[in-house]
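Please read them with the structure open beside you.

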Amino acid sequence: LYQSGGEEGWTSARVAQTVSEAGSWGVVGFVLAFSFLQPLGVSGHVFCFAATALWPPWEATFLAWAGAVGSSVVSMGLARWVAYDFIRKRLPARAKVWERKLIDGGWWALFTLRLMTFTLHAVQYLVGVLPLPLSRVLTATALGYLPTVLLDVWLGGEFLRLLGWGD
């Protein structure tokens, strides 16, 4: 968008107005954009910062968290059910060491990994091909993402306000 010049005229106020006028579709659009664009390479932090510029902090926290978990579901789903063989064949030896640790380490190992790596693409795909119960993956992911989302939204929001990009 930036390269094409398509962002010209788009200010944070205009984006906020467009999302606000869209009502609940703006909320759904944000969560879906986070869920489907992050696996394609957009940083999850960008979406957290955008949420804090668009909504009050608690609402932004919930929506950014939902989008982050959604991006994991999409990434892990692609890894587990679409590109499993492709990804398994390309796992480096270092990743296979982590695979064993995550399988043997249980919920806390996965929670710690999610806490430390947030929505890092390689980790999303690694977790997607692990033979772990989906309930363990989802709960560890959701709770492991929460501290990063809180920091991004609350401290990131303050940083954006200091730069004059928010209310």
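Helices here are DSSP runs of H or I with at least four residues, numbered from the N terminus. The model is a predicted one.

1. Start at Phe118, in the loop between α6 (93-117) and α7 (121-129). Phe118 has a positive phi of about 50 degrees, yet it is not a glycine. Is the residue buried or exposed? Phe118 is buried, with a relative accessible area of 3%. One of the residues that touch Phe118 is Thr148.

2. **Thr148.** This residue belongs to helix α8. Setting aside residues up to four places away in sequence, Thr148 touches His45, Leu115 and Phe118.

3. **α6 against α8.** Which way do these two helices run relative to each other? Their axes come within 6 Å and cross at roughly 30 degrees. Angles under 35 degrees count as roughly parallel. That makes α6 roughly parallel to α8. The crossing of α6 over α8 is right-handed.

4. **Who makes that contact.** From α6 come Leu102, Ile103, Gly106, Trp107, Leu110, Phe111, Arg114 and Leu115. From α8 come Arg136, Val137, Thr139, Ala140, Thr141, Leu143, Gly144, Tyr145, Pro147 and Thr148. By type, the contact of α6 with α8 has 11 nonpolar, five polar and two charged residues.

5. **Ala140.** Ala140 lies in helix α8, which spans residues 134-162. Its relative accessible area is 0%, and Ala140 is buried. Leaving out residues up to four places away in sequence, Ala140 touches Trp107, Leu110, Phe111 and Arg114. Ala140 and Leu115 are 25 residues apart along the chain, and their C-alpha atoms are separated by 8.9 Å.

6. **α4 against α8.** Helix α8 also packs with helix α4 (residues 57-82). The angle is about 140 degrees, and the axes are 9 Å apart. An angle over 145 degrees would count as roughly antiparallel. This pair is therefore oblique. The crossing of α4 and α8 is right-handed. The residues of this contact divide into 20 nonpolar, three polar and one charged.

7. **α2 on its own.** How far does α2 reach from its first C-alpha to its last? The answer is 19 Å for 14 residues. That is close to the 20 Å expected at 1.5 Å a residue. The buried residues in α2 are Gly26, Phe30, Val31, Phe34 and Ser35.

8. **α2 against α3.** Helix α2 covers residues 24-37, and helix α3 covers residues 44-54. Their axes come within 10 Å and cross at roughly 170 degrees. The two helices are therefore roughly antiparallel. Helix α2 passes α3 in a right-handed crossing. On the α2 side, the contact uses Phe30, Ala33, Phe34 and Leu37. On the α3 side, it uses Gly44, Phe47, Cys48, Ala50 and Ala51. Eight of the contact residues are nonpolar, one is polar and none is charged.

9. **Phe34.** Phe34 is found in helix α2. At 0% relative accessibility, Phe34 counts as buried. What does Phe34 touch, not counting residues up to four places away in sequence? The list is Pro39, Gly44, Phe47, Cys48, Ala64, Gly67, Ala68 and Ser71. Of these, Gly44, Phe47 and Cys48 are among the α3 residues in the contact with α2. Phe34 and Ala64 are 30 residues apart in sequence, and 7.9 Å apart from C-alpha to C-alpha.

10. **Phe47.** Phe47 sits in helix α3. Phe47 is buried, with a relative accessible area of 9%. Neighbours within four places in sequence aside, Phe47 is in contact with Phe30, Ala33, Phe34, Leu37, Gln38 and Val42. Among these, Phe30, Ala33, Phe34 and Leu37 are the α2 residues in the contact with α3. Phe47 and Leu63 are 16 residues apart along the chain, with their C-alpha atoms separated by 9.5 Å.

Definitions and conventions
Residues numbered from 1 in each chain as written. Predicted model: local features only at pLDDT ≥ 70, side-chain atom pairs only at ≥ 80, totals over all residues. Heavy atoms only, no water. Axes fitted to C-alpha atoms, helices over the stretch in contact; angles between N-to-C directions. Parallel < 35°, antiparallel > 145°, perpendicular 65-115°, else oblique. Left-handed = near helix turned anticlockwise from the far one by under 90°. Contact = heavy atoms within 4.5 Å. Nonpolar A, V, L, I, M, F, W, Y, C, P; charged D, E, K, R; others polar. Expected span 1.5 Å × (residues − 1). Buried < 20%, exposed > 50% of the residue type's maximum accessible area, 1.4 Å probe, protein only.
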